Amino acid sequence: MDDGRSKAPSAPDGEAGAPSRRVAELEEECRRLEEALERERALRRALTEALPLPIFQKDGAGLYTDCNRAFEEFLGLPREGIVGRSVHDVAPPDLAERYAAQDAEMRQGPGPQEYQSQVRGRDGERRDVIFHKTSVAGRDGRHEGIIGAITDITSQVRTQEELRRAVQRLTATEAIVNRSAAMLFLWRIEPGKWPVEYVSENVGAFFGYSAQDLMSGRVTWPGMTHPEDVPRLEREVAEALERGQEEWSQSYRVVAKSGEVRWVRDWNRLLRDSAGAPTQVQAVALDVTEAHRAEEAGRRAREQLAESEARYRSLVENLPGATYIVHARDLASATYISPQIERITGYTAEEILAEPGLWRSLYHPDDRDRLAAESTRFQRHKRPTAFVLRLRRKDGRYIWIRDEAWYVRDSCGRTLCVQGVVRDITAQREEEEKRRREQRLLADSQRVARVGSWEMDFSTGRLEWTGETYRLFGVNARTTRPSLELAWRLVHPEDAAQVRRVLEAAVQERTPYRMVHRMQTVDGREIVVSVAGAISYDEAGRPQRLVGTVQDVTEWHSAHRERVALSQLVEHSSDMIAMATADGRITYMNRAGLRLTGAKRREVMDGLTLEEISEPSATHILRNTVLPTVMSQGHWEGEVLLRHRRTGKPVEGYGAVFLVRGEDGEAPQAIAAIIRDARERRRIEQEALTAADHEQHRIGMDLHDVLGQTLTGAAMLGATLERRLASRGSEEAAQAARLSRLLLEATNQTRELARGLCPVPETPEGLRLALGDLARSVQEVYGIECSVRAAQDALIEDHAVAGQVFFIAREAVNNAAKHAQARAVRMELRRTDHALELSVEDDGRGFAQDAHDKGGLGFRTMRYRAGVIGAQLSLEINSTGGATVRCRVPLQRLKPPRDRKEDDKA
């Protein structure tokens, strides 16, 4: 093997040719050195090109002067697009600024530099890399340029801690190689031996053999290779040569001088002679033992990581919230978001990861400044935090979320990433807002209703009051702490015993309590309060907790006393007092009303109506007259006709119905009625009417029997006097004749007055005779046709009843003649199986206007007389014009009172 040295030719005899020979030798030595240097340069260039790591070189101005093929491929630019340009021409602006700053540091302080950064690869994706750079200095020590290499560590960054340490060790190893720490070899092609023609000096640092051991042949490379790997390596090289491969790579084990087995990976390049025949192999060998171990550990770690990740994903994707992971240096750049985010926001995890700015754009505008300040504090202090903010869903609706975030660190305390959980708390927020509204409403309600509440713990004796309780008792909440002693001092001394008895009974009987008593407030007022409370007990039966309320009922208590007095007055009134709604449903009726109508208290509570206590014949008047009048005018007064619910008999009454209005004096609240039983009044009026009729009859009889007879006697004496004076030829005879005529006229007038006061003779057929006289009188006075038809059996033995029927007939006839402008009036008196019936029919304009509905005086008088004798009176408007008044007198009413009583006894 040629070691690059040749023997100098023998010096010729003599010294004359010595200088020329020495010059020739020096020139030959320089030529050999230049060739060796050129081979070294070519070798180094070939080795650099063979390296898979991107390698570059810059001059002092920061312009690229050279790079290897791996660097071209890494940037995706040809050498022509790199050499002569700066980082600003080949990198994004933000990265270019960072690279330029790092280069500036090297110019200020020459030496090796290693740092982690990001680059944009040929595919446009940003990748995490490690830059290994060293400065190149001239002979004067000034900075002349930079040589650097790039290691892609993107995949290692994303692994867990154990894998990360392995990648870091591998990265450190690769960094050494990138700083020319790789072993450089030149083999001669001799299968089985592979003699080493050149090897870098650092081979000893790896395997313990010096470069001379290998180049001298004392140690062969196949001899260092693990015996199990030699056949495979021989086969792989033979196949590469057979296929004509120019480059290939191999991995194998090497047994170091110490006996340690280490892993090596080399990158081989075939060299050919001028004829194209393969002669040598250039190789760059790296000791990848640590990398191999790391890869093996990484494989195991990846398997464990995959298993752990599967469990983690299963756990994370079943959480109620969405989990995320972001870069520690850039909180806006997420690397993972669990699928639950779609349920919360409507956006899928892929949509959010694909658009980094999307998440921030969803924040409510009013929350963005606050969130930015919170994020700044989070990054500065690196302590767990929680954000509560509004987020716009994909459907445009805003929701409330809670974002909890924390930094994830390794065992050495180094920050790895930021992890967090996002939860939709809209329902919780709404519930909290609802509770706050309810608390405000409770406080406002207690203030308006003047109701306070308290709670006492028996075990500690601690007493708590609400704000309204302080206000009710006149206690300053800021300066006074509530206590049981204070509460007892506030109780009125005269009521303290009662309060104590109620509380003791509640404790003994284990029942809630309620009481009303007086209290003396701190500011000197005396109030009446309504207190209610309940006591809870522990498992041993001991009082544990007391809760209660207190309400100021001073005004209510005073008003209640007045209402009780008024209620007793109303309830014990002899008149019927009732309340009803506008639609006629009775809501209250006092005792007198219950007696008068025969209703029961339960029926009133169940919704008894006015129609149910009214006589059916009066329902029309109730609905069409009474209620409308009350609603429009606020008041109605008159007679009413009720019906007893138990006996079914009609009950007459009279009184007032009026509208009860609200506190504003406008809105109608209810209808009230005060009705007095008319039966006693009817009895008294009947007795008065009977007495008046009797007195009228007596006066008529006196006029007829006494005054009439006296006048008749006086007229007879006057006639006798006239004859005597005339026989004597006295001039007073004419005056006596005149006096006799006047007395005769007075007698006739007296008889007419007596007949008017006693129109019905006191005989059973007296009514028939009186009706005949009435018909003749009407024809004479009004000049209209008036007829009467009376049955022979239409007899009335009770003269008072006959008189009332006659007056009813006369009122009906006078109304037809005077108001209805009738041309004919027909009266009929007949007897049926149950009653004596009188009917007065006319062909006029009808009865007096509104006589029926509004209770006209004529009809009211007839109805009154009919009521006196227990008769039924009705008014009918004929379809052909005119009206018919009917009066039906029960047959038992036709007999004298003494006969009726005997019949009743029988």
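**Entry 1: strand β6**

I began with strand β6 (residues 183–188), which pairs with strand β10 (residues 278–287) in the antiparallel sense over 6 bridges. I note that the model is a predicted one. Within this pairing I found Met183 opposite Ala285 in β10. I then looked at strand β7 (residues 196–199), with which β6 pairs over 3 bridges, again in the antiparallel sense. Here Trp187 stands opposite Val196 in β7. I also checked how covered β6 is, and 5 of its 6 residues are buried.

I next looked up Lys133, which lies in strand β4 (residues 126–137). Is Lys133 buried or exposed? Its relative accessible area is 3%, so I recorded Lys133 as buried. Which residue forms a salt bridge with Lys133? I found Asp103, with the closest N and O atoms 2.5 Å apart. This pair links distant parts of the chain, since Asp103 belongs to helix α4 (residues 93–108) and Lys133 to strand β4, 30 residues apart. Both partners are buried. Leaving aside neighbours within four places in sequence, I listed the contacts of Lys133, among them Phe56, Met106, Tyr115, Ile146 and Ile147.

**Entry 2: an open sheet**

I traced an open sheet of 5 strands, with antiparallel pairing, in the order β17-β16-β20-β19-β18. Strands β17 (463–465) and β18 (513–520) stand at its edges; each has a single partner strand, so one side of each is left without a neighbour in the sheet. On average, neighbouring strands of this sheet are turned by 25° against each other, direction ignored. Inside the sheet I followed strand β16 (residues 451–457), which pairs with strand β20 (residues 543–552) over 7 bridges. Met456 stands opposite Leu546 in β20. Helix α19 (residues 496–509) packs on the sheet and touches β18, β19 (526–537) and β20. The direction of α19 makes about 155° with that of β18.

**Entry 3: salt bridges of helix α11**

I counted 53 salt bridges in the model. I looked at Arg293 and Glu290, which form one with the closest N and O atoms 3.3 Å apart. They are 3 residues apart in helix α11 (residues 289–316), and therefore separated by about one helical turn. Arg293 is partly exposed at 43% relative accessibility, as is Glu290 at 28%. In α11 I also noted Glu296 and Arg300, 4 residues apart, whose side chains meet in a salt bridge of 3.7 Å, N to O. Glu296 is partly exposed, with a relative accessible area of 28%, and Arg300 is partly exposed at 41%. Lastly, I recorded a network in which salt bridges that share partners join Glu28, Glu29, Arg31, Arg32 and Glu35.

Methods
Residues are numbered from 1 along each chain as its sequence is written. This is a predicted model: local features need pLDDT of at least 70, side-chain atom pairs count only at pLDDT 80 or more; totals for chains, interfaces and linings use all residues. Side-chain values use heavy atoms; hydrogens and water are left out. Buried means under 20% relative accessible area, exposed over 50%, partly exposed in between (1.4 Å probe, protein chains only). Helices (H or I, at least four residues) and strands (E, at least two) are DSSP runs, numbered from the N terminus. Two strands pair if DSSP finds at least two bridges between them. Contact means heavy atoms within 4.5 Å. Axes are lines fitted to C-alpha atoms, for helices over the stretch in contact, and angles run from 0 to 180 degrees between N-to-C directions. A salt bridge is a side-chain nitrogen of Lys or Arg within 4 Å of a carboxyl oxygen of Asp or Glu.
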